[in-house]
Amino acid sequence: MRDHQSERQIILPALIDLLRRENIRVLSPFGEKFSNYYGDLIWGVATLRDARSAEALLGAVKTGNLATDGLAALGENAVPVIIPALDSNDSGIRNGVLRVLEKMVNPSAQSPLGIAATAQVRVAILRGVGDEDDFNRGVAIRALEPFTDRDVRKVVLDRATADSSPLVRKAAEDWLQKNPSQ
């Protein structure tokens, strides 16, 4: 992209489209060469920080930090794309989305959210606390770190005392220790 700035408007959408297509290909078994190429492609699209890449990066959200960091860096532009993915039947997708949301509300986030987007993300994370997957519930509780209001405290306290998973209870206990009652 640096070497071909004049062709940026052609290259950018082409890379995003390529990632969309390769996300489908990943559903089939593939070897190390493809894996390396796919990782490089995700990295390339994630570093573009282009709002048009949100759907393509969401398609790679289960692959790890390259995709989740790329989505989080899009800030508000990614919110309408990723929140509906919390309804996915795939717990790995829900996990990736919760990790993106956690990164978005982190005080050191690259692209801080506005008031409305922060409210949407808060509601989405609270939905995640009720996820059927205990690991996802733990991620959601961790993502609630910046929210210390009474409603969040009530939800976290409930998980600390009544959740069936020791992992979730521990995450809730940790949240409560970091956010003592005021």
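Hi everyone, let me start with the rings: searching the whole structure turns up two aromatic pairs. Here, rings of Phe, Tyr and Trp (its six-membered ring) pair if their centres lie within 6.5 Å, and planes under 30 degrees apart count as stacked, over 60 as edge-to-face and the rest as tilted. One of them joins Phe 34 and Tyr 38, a stacked pair at 5.7 Å centre to centre with 10° between the planes.

A quick word on what you are looking at: this is a predicted model, where local features need pLDDT of at least 70, side-chain atom pairs count only at pLDDT 80 or more, and totals for chains, interfaces and linings use all residues. Residues are numbered from 1 along each chain as its sequence is written, and side-chain values use heavy atoms, with hydrogens and water left out.

Back to the pair. Phe 34 and Tyr 38 are about one helical turn apart, because four residues separate them in helix H2. Helices are DSSP runs of H or I, at least four residues, numbered from the N terminus. Together with Tyr 37, these two residues form one aromatic cluster.

Now, are Phe 34 and Tyr 38 buried or exposed? Both are buried, meaning under 20% relative accessible area, with exposed over 50% and partly exposed in between (1.4 Å probe, protein chains only). Other buried residues of H2 include Leu 41, Ile 42 and Val 45. What covers the buried residues of H2 includes helix H1 (8-25), helix H3 (54-58) and helix H4 (65-73).

What follows H2? That is Arg 49, whose phi is positive, near 50°. For context, most residues other than glycine have a negative phi. Arg 49 is in the loop between H2 and H3, and it counts as partly exposed because its relative accessibility is 44%.

Let me finish with another arginine, Arg 94, in helix H6 (residues 91-105). Arg 94 counts as buried because its relative accessibility is 4%. Its side chain makes a polar contact of 2.5 Å with that of Asp 131; such a contact is a pair of N or O atoms within 3.5 Å, and within protein one must be able to donate a hydrogen and the other to accept it, while residues adjacent in sequence count only if both atoms are side-chain atoms. Thanks, everyone!

Methods
Helix = DSSP H or I, 4+ residues; strand = E, 2+ residues; numbered from the N terminus. Contact = heavy atoms within 4.5 Å.
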